[in-house]
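Visitor: I am new to reading protein structures, and I would like to go through this one slowly with you. Could you show it to me and then take my questions one at a time?

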Amino acid sequence: MAMLSSSSPTYTEQQPGINLDSIRQDTLGCHDKIYLNSAGASLMPQPVVQIMRDYLNQEEQLGGYAVEQLRTNDIQDLYTELAQLLRCQPRNIAYTNSSTESFAKALSAIPFKSNNCIVTTNDDYISNQIAFLALQKRLGLQIWRADNLENGDIDLNHFEQLVQQHQPALVAITHIPTNSGLVQQVEEVGKICRHYGIWYLLDACQSVGQMEVYPEEIGCDFLTASGRKFLRGPRNTGFLYVSDRVLQAGLEPLFIDRRGAEWTTFDGYQIQDNGKRFEYQEISGSLAGLTEAIRYANKIGIANIAAYNQTLRERLRENLSAQQGLELLDKGSRLSNLVTFRLPGVALETIVNTLKSNQVVYTVSYKNFALIDFTKKGVDWAIRFSPHYFNTLGEMDNVSDIVARINR
């Protein structure tokens, strides 16, 4: 596989705000492969890896608790860096071990009753859908899913009708589904939720770090995200945004430990007045790695990252859409850097083996990942490419040529 470094965009000529040479020097894993799986687990920059090594070396010498005390200011940086990224306040942030943990904690804070319901979409993430079904099984909650328009967007009229008719205890949607490049109309949903006074939970796992995401503009009460995807942080990291409305209403997770509350009487406790009420006590070098990853993104600027990501996805989608017989599966009036497609008549094994032999890193999305969406589309699997700002336009051309050879 020829690496097309000569065609890479340069800082001065094509990509204002993106010093691609420097970014790729920091990204050791991008030089011997075409890495297109940032929607799964992205490549960490060297500063992220180094700070985690330093933290672990300190723990080896001093023990975990001593290092945590020494790095109190560094730990606080997580909240300030995330507040900068999301345009919120540090008090609105809770550190978690994953987006799934964040989502579960947010769900557990909603005071559901047996006759309540949740309004969601057909495009919610598999783990979220299973969580809703588990609540239905245990509490008898009803689940209502808004229809999609022909172009893939949420049918907002139907969505509002469901909210009016059922007065849900919670609206919960996924910003970008794991199986599709669709970007859902989260701001419009936020306006509906605010109008009717409904709690609003947004899974932004695939959008934070890829594009500009500002929860206060969206109008959500909870926002969850993972560190390992487009934020380029380590695994086992995530965060939860909680709105001031949540804090002022006194919502709290079902299970709280000593980081989230103070034991004040034999039979009572006082929750933290900020997002830390949703945190657990345990902290490790992974938190330091996530902080550094967010700092790295903030230094580049999320607007610059989003602009270059748009350039990458437009090139890739243009290349693939020009191939006769290839079927791009992504619908929606707004699309993201998750690009899904299939080659009818070509065996999945053939595609997998060819991409692997050409050192292309990607993901296969299967039907059970997106049961409703893939059933409607009539597909059992899809190839998912997810480029990010360390990739080059040359790589978009290169991988498109590889796909074209498979297609022929």
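This is a predicted model: local features need pLDDT of at least 70, side-chain atom pairs count only at pLDDT 80 or more; totals for chains, interfaces and linings use all residues.

Visitor: How many Å apart in space are L62 and A39?
Guide: The distance is taken from C-alpha to C-alpha, for two residues that stand 23 residues apart in sequence. In space, the separation of L62 and A39 is 36 Å.

Visitor: In what order do the strands of the 7-strand sheet lie?
Guide: This is an open sheet with mixed pairing, and its edge strands, each pairing on one side only, are strand 2 (93-96) and strand 4 (142-146). From one strand to the next, the twist averages 20°. Read across the sheet, the order is 2-8-7-6-5-3-4.

Visitor: Which residue in strand 8 does Y95 stand opposite?
Guide: Strands of a sheet pair through backbone hydrogen bonds, either parallel or antiparallel. Here strand 2 and strand 8 (residues 238-242) pair in the antiparallel sense, over 4 bridges. Within strand 8, the residue opposite Y95 is F239.

Visitor: Which strands does helix 8 touch where it packs on the sheet?
Guide: Helix 8 covers residues 186-196, and its direction makes about 165° with that of strand 6. The strands that helix 8 touches are strand 5 and strand 6 (199-203).

Visitor: Why is strand 6 described as largely enclosed by the rest of the structure?
Guide: In a regular strand the side chains alternate between the two faces of the sheet. In strand 6, W199, L201 and D203 point one way while Y200 and L202 point the other way, and all are buried. Strand 6 is largely enclosed because the number of its residues that are buried is 5 of the 5.

Visitor: What is the bridge partner of T174 in strand 6?
Guide: Strand 5 and strand 6 pair in the parallel sense, and the pairing runs over 5 bridges. For T174, the bridge partner in strand 6 is D203.

Visitor: How many residues does the largest nonpolar core have?
Guide: The residues with the most contacts inside this core are F159, V171, Y200, I383 and F385. If we leave aside its neighbours within four places in sequence, Y200 is in contact with residues including L170, V171, I173 and V186. A second, separate core has 24 residues, among them F103 and I143, whereas the largest nonpolar core has 90 residues.

Visitor: At what angle do the axes of helix 4 and helix 11 cross?
Guide: Two packed helices are described by the angle between their axes and the distance between the axes. Residues of helix 4, including I75, L78 and L82, meet residues of helix 11, including L287, L290 and I294, and by class the contact has 7 nonpolar, 3 polar and 4 charged residues. The crossing is left-handed. The axes of helix 4 (residues 72-86) and helix 11 (residues 285-300) come within 9 Å, and they cross at roughly 35°.

Visitor: Is R232 buried or exposed?
Guide: R232 is found in the loop between strand 7 (222-226) and strand 8, and although R232 is not a glycine, its phi is positive, at about 65°. R87, in the loop between helix 4 and strand 2, also is not a glycine and has a positive phi of about 55°, but R87 is partly exposed, with a relative accessible area of 49%. Since the relative accessibility of R232 is 0%, R232 counts as buried.

Visitor: Finally, in the sheet of 4 strands, which residue in strand 15 is the bridge partner of T340?
Guide: The 4 strands form an open sheet in the order 11-12-15-14, with antiparallel pairing. Within it, strand 12 (residues 339-342) and strand 15 (residues 381-385) pair over 3 bridges. The bridge partner of T340 in strand 15 is R384.

Definitions and conventions
Residues are numbered from 1 along each chain as its sequence is written. Side-chain values use heavy atoms; hydrogens and water are left out. Two strands pair if DSSP finds at least two bridges between them. Helices (H or I, at least four residues) and strands (E, at least two) are DSSP runs, numbered from the N terminus. Axes are lines fitted to C-alpha atoms, for helices over the stretch in contact, and angles run from 0 to 180 degrees between N-to-C directions. A crossing is left-handed if the near helix is turned anticlockwise from the far one by less than a right angle, and right-handed if clockwise. Contact means heavy atoms within 4.5 Å. Ala, Val, Leu, Ile, Met, Phe, Trp, Tyr, Cys and Pro count as nonpolar, Asp, Glu, Lys and Arg as charged, and the others, Gly among them, as polar. A nonpolar core is a set of buried Ala, Val, Leu, Ile, Met, Phe, Trp, Tyr and Cys residues joined through side-chain atoms within 4.5 Å. Buried means under 20% relative accessible area, exposed over 50%, partly exposed in between (1.4 Å probe, protein chains only).
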